[in-house]
Amino acid sequence: MTANREIAVGQEVIGQSVPRLEDAALLRGKARFLDDLHAPGQLHAAFLRSPVAHAHLRSVDTSVSRAMPGVRAVLTLSDLRPSLTADRIPLQFRNNGLPEAITPFVLANTELLFVGEAIAIVVADSRAEAEDAVDAITLDLEDLPPVADVRDGLATTAPRACLDRANTYRDFELSYGDADSAFGDAPCTFQLSIKQHRGAAHPIEGRGILAVPDPLQDRLKVWSSTQLSHEARYFLSLMLGLDETQIDVAVPDVGGGFGAKYLVYPEEIAVAAAARQLGQPVKWVEDRREHFLSAIQERDQYWTIEVAADTDGRLLAIRGQMIHDAGAYIPQGINLAYNAATALPGPYVLPAYQLSVTVAATNKVPTIPVRGAGYPEGTFAMERALDGIAERLKLDRAEVRRRNLIPGDKMPYKTPMVSRSGAAIVYDSGDFPAIFAQALEAVDYPGFEARRTAAAAKGRRLGLGVGCGIKGTGRGPYESATVRVGRSGQVTVHTGAMPMGQGVKTVLAQVCAEQLGLAATDIKVICGDTTTVPVGLGGFASRQTVVAGSSVFRAASDVRQQILVAAAALLETDIDQITLNGGFVACPGTNCRFSLRDVAEIAAGSPGYALPPGVWPGLEATVNHIPEGLTYGMGAHAVEVEIDTDTGLVTLLRYVVVNDCGRAINPKLVIGQLHGAVVHGIGNALFEFMGFDAQAQPTTTTFADYLLPTAPEIPRIEAIIAEYPTPTNPLGVKGVGESGCLPVAAVIMSAIEQAAGLRYGQLCSIPLAPPDLIAALDAARG
Amino acid sequence: MTHTAETLHTVTLTVNGAERSAQCTARWSLADFLRHELGLTGTHLGCEHGVCGACTVLVDGKSVRGCLMMAVQANGAEVRTIEGLARDDGPLSALQKAFADHHAVQCGFCTPGILMTLVEVLGDTPDIDEREMREALSGNICRCTGYQNIVDAAMAAAKACR
């Protein structure tokens, strides 16, 4: 399918940084987030959560709590069972070759597996009264030894994180080419031991659900701060034993997701089940402590890799092992570990690759993708390898990358790898060396040495790091969109796409508006409402502009054609004489014009009269676009840092990111996504550490302990859009929600190494805190 | 709804120029009172331990964490929230408009606290520079924007107000 830009006469909306449709309500404080919703008679839920990482749950005494003021119910798993078809949530992504019985329980069963696991739900008149009652529940526990470090859990003498199963969920291997033989005679080989810790998602709005039962019709209406409303409806229907048509899921304004809301959680099922049992609305809004304890996070990956290169610094092979901490349950699949493994080659030519991956358990909250979804981890490993090559062969770090980047004339580039579905991973478009060169120019790479020595003369230690990453975007298998011109002339888009701050409504409105000769503000976009769109997948994997955008484009194109056919009847002229602009169809050179409302009237029909020839009832089209594989957007980054050798403080001075988004529907929004993703990467590089002690007790459960980047830590970010349209969708677009995260930690480490006079590729443990830098400096001196 | 055993206090205060009065128990935070008793849901709760700043409101002209102040402490006070920055049927304030123009809002959940913080900052330090602006915003966490557009919007608003 070739990129097909149909431009409405006199109106070009795509490519304009139109103001966001979402902003007015948000700026006025009139938006409605989950906790802003109020259902008459609503009750409030709080959860009793496990205080230990691993224990037999012998008994739960709720007698005191049930009698407390305002309490309507205190329910454990056995109390909820009459409303449930199963004890456990189904696995979100099927077909992973995973063992049975690995998904979370709706409420804890007989064995507690992580601190924070929900054991009982209290429903009361107010959240405060519910929390009071939670404190009055007593537990009889028998402690069991916890697995606190995923590596310890792999020893043959290790205790089991869960008594019913071995600690290894799954081993798999990625390999192509003959890595071992490449190592046989490679002139340059070395090993890297890499520890990567990424923390949690921490949208500023936490999770929440409001379940409103309708006992009269045996229906359930659910509002959820979620990234997947159709999946939520399906999971609720499965777990509650209802037909999907008995459940409606709608989404309020969502205050960020970042992956934490791309899951149907046990708490949501428990709340819905409790609401049905009580016959009253129940609302649960998590607080930040609950997010720290029980929302999904990313966590630890340990990579031990060997790198082989030739004398020119060209990669010959990379091989090794990776151990991935999946946590106490697997609710989703092995996608995070798989993505990380397949992301390692990146935008580079890697002739041979072998990685053995072990996905294993700990007694900690489950891990699933957070923004970046494993690609930052694979990227970090590759970028450290390239810096390691530069160090050992005394080559310039940018030159090493130039020599290894896939050349621009090799597109589309079929890598030797396959995706989870078995489809080949093909980089469809983009000129990687050109994008990299653009970043080097923007940061004035050649001029840095002069800047560095001038600063050094004043006692300042500066460093510059460069690197690249590439993200597959537009994950399918489809997304839904219905475009409709109502009888009033109002144009509405209904879609399974889900907003969480990125401006998806504005982007989809732009795509639709351009086809129909309107302004974006003329279009109403309704996301994720299961009552208006029957199927949908939601917001994840940098996919919505690509997939939902393509659905909207195709549906709007279809509606445009329908409008023209109906207009031809109204105007009594040929279709190619008709213009569609500003809400009117007109015949230039005549005074004749009709509004969209008039056209919709024609298509609505009238009893006793036939519809004009070629006109179908209504002006509506539904397209569930199926993308052909992922489309790849490459990014190149550069960072200048300054270090303080006394305190270990790292100051970021400036940041450059060039990223290929295929085609920018709304350039300002693209830049905004790059800013946000880069800062998330900065958090992973220097700040965000989710601590657990040897008993797998979380030790960082407030924002005072777990550091999110704030404004003073962030330098000016120069974000530059590159556009290499993809031929794989009608808009030519690529996703950009996560790309900005990918090489951030690596380029920062590389820059620190230069500033500190350390060996390139040495700093392989992130996040790097000031004491870690001091230790590295001391070790280098000693 | 609260149990009758807990004492109910009447809290009377001026919010966005209008006198409001409602009852709550002593343990209600100001943020919860504004949101659930007065129906002003524009003020948001992100952490309830005083770090993220989403709940920031102005109390007698000073920025305060709505999550750390008790509602009863605001009795008699003059409170300003995001809803008071523009009339419902009126245009956005210069600050709000700068946010829209600079794409300083993504999910919008942190925005109320940032706007109210900036009302105080711009009032106190109208000729603030970028470094000072970033420091002034250090008590407001945003996970979406990376701060740059927020800083640029704030600087533009500062310039417009000078």
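Predicted model: local features only at pLDDT ≥ 70, side-chain atom pairs only at ≥ 80, totals over all residues.
Residues are numbered from 1 along each chain as its sequence is written, chains are lettered from A and ligands numbered from 1 in the order in which they are written, and side-chain values use heavy atoms, with hydrogens and water left out.

Grid points are joined across faces, edges and corners, and a volume is the space filled by probe spheres set on the points. Eleven cavities of 30 Å³ or more were found.

The largest cavity has a volume of about 750 Å³. Its lining comprises 46 residues. Nearest its centre lie Met500(A), Phe540(A), Ser542(A), Gly737(A) and Glu738(A). Helix 17 of chain A contributes the most to this lining, with three residues. Helices are DSSP runs of H or I of at least four residues, strands are runs of E of at least two, and both are numbered from the N terminus. The lining divides into 20 nonpolar, 18 polar and eight charged residues. Here Ala, Val, Leu, Ile, Met, Phe, Trp, Tyr, Cys and Pro count as nonpolar, Asp, Glu, Lys and Arg as charged, and the others, Gly among them, as polar.

The second largest cavity has a volume of about 180 Å³. Its 20 lining residues include Pro104(A) and Phe114(A), both among those nearest the centre. By class, 15 are nonpolar, two polar and three charged.

A pocket is an open set with protein on both sides within 12 Å along at least five of seven lines. The second largest pocket holds about 930 Å³. Of its 33 lining residues, Ser419(A), Arg420(A), Ser421(A), Arg475(A) and Gly476(A) are the closest to the centre. Strand 7 of chain A gives the largest share, four residues.

Strand 7 (residues 168-176) of chain A also runs antiparallel to strand 15 of chain A, joined by eight bridges. Strands pair if DSSP finds at least two bridges between them. Glu173(A) stands opposite Ser356(A). Strand 14 (residues 315-325) of chain A runs parallel to strand 15, with nine bridges. His324(A) is the bridge partner of Val359(A). Eight of the nine residues of strand 15 (residues 352-360) are buried, that is, under 20% relative accessible area (1.4 Å probe, protein chains only).

Key. 1 Å grid on protein atoms, 1.4 Å probe; cavity = no way out; pocket = protein on both sides within 12 Å on 5 of 7 lines; lining within 4 Å. Buried < 20%, exposed > 50% of the residue type's maximum accessible area, 1.4 Å probe, protein only.
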